[in-house]
Amino acid sequence: MAKTPLTDEELISRYGPHLNETPPGGWDAGLEVDRVVNTHCCFCGQQCGIKLKVHKNAVVGFEPWYEFPFNEGKLCPKGVKRYLQGSHPDRLLHPMERDPSSPDGFRQITWDQALDRVVAEIRRIQATYGDDAFAMLSGVSLTNEKSYLIGKFARLALHTANLDYNGRYCMVSAGAGGKKALGVDRAPNPWSDIPLADVVWIAGSNVAETFPITTSYIWRARDRGAKLIIQDPRVVPLARTADLFLPVRPGTDSALFGAVLNVLIRRDWLDHEFIDAHTVGFDEAAGAAAEMTPQWAAGITGVPAARIEQAAELWGTAATGMLFHARGIEQHTKGVDNVLAAINLGLATGKFGKPGCGVSTITGQGNGQGGREHGHKCDQLPGNRDITNPEHRAHVAQVWGCDASEIPGKGIPAQEILEAIHSGQIKGLLSICFNPMVSAPDSNFTREALDKLEFYAVIDFFLSESAQHADVVLAGSLHEEEDGTATSGEGRIIKINAAVSPPGEARRDGEILLDLAARLGKQRYFSYRDNEEIFDELCIASAGGTADYRGATWQRIEEEMGLFWPIPEVGHPGTPRLFEGGKFFHPDGKARFHGVPFRESAEVVDDEYPIWLTTGRVVSQYLSGTQTRRIAGLVEQYPEPLCEMHSLLAEQLGVSNGNLVTVSSRRGTITLPANVVNTIRPDTVFIPYHWPGAKAANQLTNRAVDPISKMPEFKVAAVRIEPA
Amino acid sequence: MECGTHRGQSLIHLEVIDRATTTQTAPMVCMHCEDPTCAQVCPADAIKQTEEGIVQSASKPRCIGCSNCVLACPFGVPKYMAEFDQMMKCDMCTDRTSEGNAPMCASVCPSEALWYGTIDQFNATRSGSLLRDFMFGRQQVRTKVYTVVDDLGAGALDMLASGQRNWLDDPFGIEEIGVLA
């Protein structure tokens, strides 16, 4: 039984979110700290350098890390306030077991009791229903070491094929598109290339709020005279002063990109030499775009045809240019199509492998890049290898010291795991760093699924809304409590340094997993002295794969302030810019164009549900909010979800700013205040998704997934709105 | 902010200009006037300037909490903080700048809209011109903190002039392709 033991209100009153306002010990201007630790912010894939101030084994504040080259001391509000997550009153300090008879809903147990119970339930479920009936869901706010360890743990200790991760809701469309077109899943450029671009095109990324530090790179480009194009259904903060704003209707990005390719071809703004020498498939892409005129696209996308022509001219005639995309074009049932259509524009104009040139995703989660490279995904082994490829399996088996037959085959992706739990095929779940009650689409369905589990164990530092459903909660570690590495959105491996040790009886995540592996009888595969030894094994396991870390060491990463992979040999300097000389990662060295005909989203508006809904984030919150909804300053900045709508729509609905509205989709309803702003398309509303329960935007979203990446369609749903 | 010196209080403010029509915001730091209006109107002589020209928060023993400074500052910078019964304002993070570090706001600002450095450093890395003369009606104010303008030809910046530049008059092309909703 994985139903919550108490009511939501009782759980919140006991386990939070409560708000932390002041550092431990209060404000003290004269405090002499014990030490200052160079590490990184945990809240997004930019991985800004930060110094944490430590006093009596508690993080008490921060200092900007001016010397770290990526952000030179800059931080966003989440980074400034991150130090308040440690020493938090909601922090889980010991393992617990679900106990509806207890006023707390859970009772404290020992680590032996907790781990033995988890192991007994794994064994019972696997013996009864088969190995794959026990699944594991993980997340990429975790370090590379933990991500690698989890990949190995799930396959060799848990012996399940069904491991997947929360990047399935974040990065997978970009990853799949990059692999198909370019042969590799990594941002092509270091961010230091951005100021060298003559045109910067941001498609579906609210950079100012979700990747704030990137703003400074874009402004530096503009200081040099670069033109800025923003493609978004909302006038996001960067769009306010953009040279060209493309107010695309949700779900139509590929039509817009197709029309731009159409114009590039018609006006011959193409790099024929590059296309001939370094790509294949141009004719297929051109064929698909042949009928996609700006006039046609204007009707689909809502972007005036003249602006599409202008975008093509800015992009096609600029000597250098970078196009960045994020979840805005990726979280769709055609997310991979959108990414491929964007990459087509870079290939057609030869904008790859040169300074200030590239088409790149902006990775969202803290370790969204590194965490998706080394076996964390249902179809993947370390080094971004393919779990179905016999050679890849043999290589990894040799590093792991096991027989290749011991490594399970391809599992099912995260959303399918939730569906399989709902349909009863999967009976047990271990999760870490994943809060599907907030982050998965159609949250009513997710709740039903978790309620059906026979056994659910969670490793977490706070009792997240998903952990509330757990039978056993294992008190794990915060970012600042465990050493390791992460790989930032620009492909730079960076060092995460522990500042403090876990409080109370809480343990480091890595130690919990190693202990579980030993109790599952697989200690022989999991005897590591420390996380550095795990990293060294990761590097060897990744050698020869596309995400090749062979020459990386913790020492080098720290001394060189990061290393860009691939690093195929010991002593190799790393590879900040990919594809130099037009060399792509496919075996023939050439990039692939793709024909991308337009297709509609899984759900489109109709008379019953006539308004487009799109979802996203705000600057002061991170993902499912497990951490950031507990920090006072961040909560004050944007305390609850608002429904952004244009005044023309508000007028039609008879709604004024601040009025409550009820937004309904085919899956659920939410009642929340209207935020009447003329910075959003009049046919579209926006709701940020960071909150649970009755405030969850994901009550409305659609479980339909991209056929290739299996990414759900968070960015498009049809809704109806009424005054509440 | 985020420090014991300022007791966790942020001493700059972020003004949301008009959220109904724009995402524009304006961070307001103390401009550190050469002849600060706040100090001129203080009946308790509680607001002092350092030798470097930094205008400090009201001296706690002298401040009588009257809020004259709050009302008089043309930039709207000082705030009376009831919790501390004292006017507190941006002091350019004296604890940081005295040790050669940038103030915290300019250290962490992701967009470099708030920026701390020398004029030479600015000219080497940024576009625009630096200006520190402002007109509020008939009052001219010269400040230690600069703002960035397109050109210096117009002289002191007229802070009461109406009209702001709209980058996007019709962001959604409603005039071109009709109402969408």
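Axes here are lines fitted to C-alpha atoms, for helices over the stretch in contact, and angles run from 0 to 180 degrees between N-to-C directions. Please keep in mind that this is a predicted model.

Q: At what angle do helix 4 and helix 20 of chain A pack, and is that roughly parallel or roughly perpendicular?
A: Let's start with the distance: the axes of helix 4 (residues 144-157) and helix 20 (residues 531-542) of chain A lie 9 Å apart. The angle between them is about 70°. Angles of 65 to 115 degrees count as roughly perpendicular, so helix 4 of chain A is, relative to helix 20 of chain A, roughly perpendicular.

Q: Which residues of helix 20 of chain A meet helix 4 of chain A, and what is the handedness of the crossing?
A: From helix 4 of chain A come Asn144(A), Glu145(A), Tyr148(A) and Leu149(A). Their counterparts in helix 20 of chain A are Asn531(A), Ile534(A), Phe535(A) and Leu538(A). Sorted by kind, the residues of this contact are five nonpolar, two polar and one charged. As for the crossing of helix 4 and helix 20 of chain A, its handedness is left-handed.

Q: How many helices and strands does chain B have?
A: A walk along chain B from the N terminus reads β-β-α-α-β-β-α-α-α-β-β-β-α. Counting up the elements of chain B gives six helices and seven strands.

Q: Which residue is the bridge partner of Ser129(B) in strand 6 of chain B?
A: Strand 5 of chain B covers residues 129-136 and runs antiparallel to strand 6 of chain B, with seven bridges joining the two. For Ser129(B), the partner in strand 6 is Val149(B).

Q: How many residues of chain A are in contact with chain B, and which helices of chain B supply at least two residues each to the side that touches chain A?
A: On the chain B side, 30 residues take part, and they are in contact with 41 residues of chain A. The chain B side divides into 13 nonpolar, eleven polar and six charged residues. The helices of chain B that each supply at least two residues to that side are helix 4 (104-108) and helix 6 (174-177).

Q: What share of the residues of chain B count as buried?
A: The C-alpha atoms of chain B fill a box of roughly 65 × 40 × 35 Å along the principal axes. A residue is buried if 20 or more other C-beta atoms lie within 10 Å of its own. Of the 181 residues of chain B, the share that count as buried is 27%.

Methods. Residues numbered from 1 in each chain as written. Chains lettered and ligands numbered in written order. Predicted model: local features only at pLDDT ≥ 70, side-chain atom pairs only at ≥ 80, totals over all residues. Pairing = 2+ DSSP bridges. Helix = DSSP H or I, 4+ residues; strand = E, 2+ residues; numbered from the N terminus. Contact = placed C-beta atoms within 7 Å. Nonpolar A, V, L, I, M, F, W, Y, C, P; charged D, E, K, R; others polar. Buried ≥ 20, exposed ≤ 12 C-beta atoms within 10 Å, placed from the backbone. Parallel < 35°, antiparallel > 145°, perpendicular 65-115°, else oblique. Left-handed = near helix turned anticlockwise from the far one by under 90°.
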